[in-house]
Amino acid sequence: MKKWVVTLAALTAAGMMTGCQNNSGQSGQPQGSQTAAEQTKAAETKEETKAEASSGEGGLSGELYVVVNSTMTKNDDPAILRAAKAFEEQYPDTKITIEGLSGNDILSKFTTSAMAGAGPDVVALDNAGWPIDLAAMGLLEPLDEQLKSTENKYLQGPLDSGLFEGSYYSVPWYYNNTGLYYNKRILEEIGKTEPPANWAEFEEDIKLATEKGYAGVSTRPDGYAIFNFFFQNENPVIDTSGDRPVVTVNNESGKEAFEFWTGLHTKYHAFPEGMKDASDWAAAYNTFTSDDCLFFICGDWAYKNLESSNPNLDFGLAVMPKGKVQAVCLGGKNLAININSKNKELAWAFVEYLTSKECDFVLTEKVCIAGRSDVDVSGVLAINPDYQVFVDEAEYTVPRPRVKNSASLDEKVADAFKKVLFDQMSAQEALDELEQELIAFIDENY
């Protein structure tokens with residue numbers, strides 16, 4: 001608690017310092033010494049200057065240091081560097097430096113440098129909890145005012161992944177979500193012509209496949225897949241809508257979701273043996289590309305990996321089966337501004353630009369889908385028409401619970417599932433234990 005109070009104090013101090021810097025450019029006249037007419041004229045001049053700056057007439061200037069995931073910079077002529085150059089041409093008094101780092105390096109290096117009062121102006125963050133953790137530490141600039149005036153139409157689910165204690169601390173750059181990959185040969189063998197549309201059909205297909213000696217469904221045994229079934233049963237796992245997070249994982253809807261997912265093991269032994277040791281996605285892919293598993297749950301990044309792992313595998317991609325509602329788990333990257341940035345106006349201008357229609361080509365080159373409702377996906381679909389599934393799921397894509405230290409939450413949920421998968425506990429025993437662990441987790445972090 002003391003650390004949190006110190007962080008709030010630091011944020012308050014930063015806010016006060018920003019206010020002083022904003023006022024430092026004003027006249028040294030004492031407040032109230034101007035006439036009403038003079039004050040009105042000064043206000044009009046200030047608004048005209050502001051309008052001129054925002055119109056691209058040369059009002060933006062300075063340098064920005066931007067850190068993104070290295071996948072965006074890994075070719076001879078990265079689109080993101082072309083985008084940065086176009087921005088510099090639009091604003092000749094600016095200089096944009098972009099560096100690509102691995103995901104883990106981004107988080108560790110940004111956290112260390114920002115805590116020391118430095119770091120990049122703009123940073124790409126995994127939307128699976130990073131913006132929340134960094135906002136809680138007081139390291140990100142709130143963006144509520146900027147969002148009021150932007151013309152970018154951000155998707156609500158990806159946008160909400162940066163919502164912490166009533167304020168937004170990041171905006172969506174690109175998103176991914178969960179799809180259902182399926183083996184066409186096995187689906188036909190069990191007498192089906194279409195992938196399952198709901199939980200009942202999903203379970204039936206798995207039952208039929210396991211009766212023929214196939215594995216029913218595979219994925220990496222972590223929280224990413226499991227969250228889908230809680231969300232589809234209208235259970236948030238942890239409800240963050242109030243002043244303090246509330247654990248909901250063991251109420252009626254939570255029990256139904258967890259028992260459905262774990263029941264695929266206890267009733268049908270649906271998960272392939274290799275899934276138990278699939279500590280990374282590379283190992284998880286093998287459990288599906290072996291051509292003896294009906295379904296595979298993963299995001300868009302799996303597609304190329306599945307193709308390259310077994311070029312002869314005939315697979316399709318469908319939206320996730322519907323529970324009580326349609327819902328899928330969110331992934332992807334957001335852009336945020338360092339609280340220490342010396343040029344937050346320029347930082348926001350570049351963030352807004354990079355997440356706008358004008359820069360969709362940056363993401364199309366990487367076959368990523370921009371986190372806006374008005375995105376032109378034709379370029380992405382020309383590369384891979386199956387990505388229509390992820391586009392269709394956009395409107396009901398749900399972020400993980402917005403709690404501090406969410407990586408720990410993911411591990412706890414995954415561990416509860418593994419206790420059933422390894423036949424160490426019943427579903428209810430594992431869920432009871434998980435509930436107590438999450439209550440302790442909330443007490444520790446809040």
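This is a predicted model: local features need pLDDT of at least 70, side-chain atom pairs count only at pLDDT 80 or more; totals for chains, interfaces and linings use all residues.
**Entry: basis.** I number residues from 1 along each chain as its sequence is written.

**Entry: rings.** I looked up ring pairs (Phe, Tyr or the six-membered ring of Trp, centres within 6.5 Å; planes under 30 degrees apart are stacked, over 60 edge-to-face, the rest tilted). The structure has 31 of these aromatic pairs. I picked Phe 202 and Phe 260, whose planes stand at 40 degrees with centres 6.3 Å apart, so this pair is tilted. Phe 202 belongs to helix α9 (residues 199–211) and Phe 260 to helix α11 (residues 252–268), so the pair ties together parts 58 residues apart in sequence. Helices here are DSSP runs of H or I with at least four residues, and strands are runs of E with at least two, numbered from the N terminus. Phe 202 is buried at 0% relative accessible area; Phe 260, at 12%, also counts as buried (under 20%; exposed is over 50%, partly exposed in between; 1.4 Å probe, protein chains only).

**Entry: charges.** I looked for a charge over a ring (NZ of Lys or CZ of Arg within 6 Å of the ring centre and within 35 degrees of the ring normal). Lys 276 lies over the face of Phe 422, 5.5 Å from the ring centre. Lys 404 lies over Tyr 446, at 4.3 Å.

Terms used
Side-chain values use heavy atoms; hydrogens and water are left out.
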